[in-house]
Amino acid sequence: MKEYTKWCLVLCVLGSANCYVSTMPNNYDTIVVGLGSAGVTAASTLANAGRRVLALEAQDRIGGRVMTVPFGDGVVEVGAEWIHGTEGSRVYQTAIQNNVSVLPQDLSFQVYMSDGSLGNKELVNELIEFCLQTVEKPPEKPEPLGKFITRQLMKYINDKHPELLNEKDFIAEFLEMMNLLINNYEASNDWNDVSVQTNYEELAGHQHTSWHRHGYKTFFEILLNTYNNGTGLPTLDIELNKEVTLIKWPKNTTGKVQVVCKDGDVYTASNVIVTVSLGVLKERCSSLFSPALPEGKITSIDKLSIGVLGKIILSFPEKWWNYNSYVFLWKSDHRKLYSDDDYWVTKLQHMSFPAGSSNTMTFWTSGDTTKLVETLPEDVVKRKVMELLRKFMGKNMTIPEPTDMIRSTWFSNPFTRGSYTHDNLLMHEYPNARAILGEPLVDDSGAPKVLFAGEATDLTHFSTVHGASDSGFREAMRLLPSSKV
């Protein structure tokens, strides 16, 4: 099947779009590698300015680390779930300007203990809120995030809840749960891998705004003009299943950039915007570029960290829960009963419910747990998760068997190799790593030839879809210095 036919089929499925097949010759101004948030933003910005653009995507779909799929009685997000902040968000504004409703999602929770009893929701919520707020006032000296939160929390407990100081089991288990919660924010493996200081800046507005039944895919459909039967962008060609293996660029000369694909196809353009993840760059940067990347950029790729966040999503015949999310707190004696092979189950402590489907639930995983879950047999994951659910919540309710299950595979996927980046303990030693990663490679005349976008290159909004989109716009505008777009 020809690539343009596959593209049409995908658009028809995702957006009920009219299929536009370009007749542009292989004569492009810019090639964009990767069609996640950064790539789609860059490609659509250039195409809307009249530039001839070719977008190459290694996977069989558009969206990158955003992945909306039909599931349950609606849709679920296997990748990015929410719009994080609304003020100044390119993603939020895209929805509002196109009259697409996006809704703040209430994540208030209930707490269950591993003996099936209800936990102290008010106390757990108070302690979680304190931990998240204390991070906003980091110390002057660099420090691992987990150590800082633990120290501050113990001071708080000593002042506000001295009676808890004798509840060593509760404190230990709360800290373990908090570690996992931070990892779910940061996509880290352990909260002590994360720096308490960070350059990340939170946008104002609700932090968990959902595309609900529209799905996050709508953001990409709007940008590509395929939403509501749009006819696409006439100066943009899109090729799916096109894995790029080599980018040849003129370093000490001038001329075109050549992009070589795994299937043997070769494309040329004046420049190329590379939007692949940091995980892919870590794995392939030594072979992907000719001439090789500058030493400074290679160092940045090496020293920055990308983690992995995972989801186990279950569907049921109908909704049987009555809260917006749940926190599971173990008793240490119960946790110790799990063998090494099954210990990953004890790391499933946070559960939420997709806003786009009323009969589905999501367990969140991070780090090494996620990597392991991606490799386990599906029936094992499903059985163990159901055992966990019934252990914590089955005491006073009948929990039905699930009708289906989806697992994310962001680490094992060779075209992502992770979820998103965080500020690690090396950020003070390499404070300009993100900026260096985002610097273009120029030819002998100083013209940008290989440009870099993606969430990892955004200085303050890394880890988010809006940060990735901003980076794509940034690089498109680097090529359109006089444009009014």
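**Exercise 1. Which residues of helix α3 (residues 90-97) are buried?**

Some ground rules come with the solution. This is a predicted model, in which local features need pLDDT of at least 70, side-chain atom pairs count only at pLDDT 80 or more, and totals for chains, interfaces and linings use all residues. Residues are numbered from 1 along each chain as its sequence is written, and side-chain values use heavy atoms, with hydrogens and water left out.

*Step 1.* Helices (H or I, at least four residues) and strands (E, at least two) are DSSP runs, numbered from the N terminus. Buried means under 20% relative accessible area, exposed means over 50%, and partly exposed lies in between (1.4 Å probe, protein chains only).

*Step 2.* List the residues. Val91, Thr94 and Ala95 are the buried residues of α3.

*Step 3.* Look down the axis of α3. Its buried residues fall within an arc of 95°, so they line one face of the helix. The arc is that of the directions from the helix axis to the C-beta atoms.

*Step 4.* Find the cover. It includes α7 (217-223) and α14 (465-478).

*Step 5.* Check both ends. Ser89 caps the N-terminal end of α3, with a side-chain oxygen 3.3 Å from the backbone nitrogen of Val91. Just after α3, Asn99 has a positive phi of about 55°.

**Exercise 2. How many of the 14 residues of α14 are buried, and what do the buried residues pack against?**

*Step 1.* At 1.5 Å a residue, the 14 residues of α14 should span 20 Å. The expected span is 1.5 Å times one less than the number of residues. The end C-alpha atoms of α14 are 20 Å apart, which agrees.

*Step 2.* Take the count. Ten of the 14 residues are buried, so α14 is largely enclosed by the rest of the structure.

*Step 3.* Pick out examples. The buried residues of α14 include Val465, His466, Asp470 and Glu475.

*Step 4.* Name the partners. The buried residues of α14 pack against α2 (37-48), α3, α7, β11 (266-274) and β21 (448-452).

**Exercise 3. Is Lys311 buried or exposed, and which side chain does the side chain of Lys311 join in a polar contact?**

*Step 1.* Lys311 is in strand β14 (residues 309-315).

*Step 2.* Read the accessibility. Lys311 has a relative accessible area of 4%, so it is buried.

*Step 3.* Look for polar partners. A polar contact is a pair of N or O atoms within 3.5 Å; within protein, one must be able to donate a hydrogen and the other to accept it, and residues adjacent in sequence count only if both atoms are side-chain atoms. The side chains of Lys311 and Glu81 are joined by such a contact of 2.3 Å. The Lys311 side chain also reaches the backbone oxygen of Gly79 at 2.7 Å.

*Step 4.* Contact means heavy atoms within 4.5 Å. Leaving aside residues within four places in sequence, Lys311 is in contact with residues including Val78, Trp364 and Arg407.

**Exercise 4. Where are Asn271 and Asp29 found?**

*Step 1.* Assign the strands. Asn271 is in β11. Asp29 is in β1 (residues 28-33).

*Step 2.* Compare with the cut-off. Asn271 is buried, at 9% relative accessible area. Asp29, at 16%, also counts as buried.

*Step 3.* Link them. Asp29 touches Arg51, Arg52, Ala269, Ser270 and Asn271, not counting residues up to four places away in sequence.

*Step 4.* Find their polar contacts. The side chains of Asn271 and Thr30 are joined at 2.5 Å. A polar side-chain atom of Asp29 lies 2.8 Å from the backbone nitrogen of Arg52.

**Exercise 5. Is Glu318 buried or exposed?**

*Step 1.* Glu318 lies in the loop between β14 and β15 (325-329).

*Step 2.* Apply the cut-off. At 57% relative accessibility, Glu318 counts as exposed.

*Step 3.* Tyr227 is in the loop between α7 and β8 (236-239). At 22% relative accessibility, Tyr227 counts as partly exposed.

*Step 4.* Look along the chain. Glu318 and Ser358 are 40 residues apart, yet their C-alpha atoms are separated by 7.7 Å.
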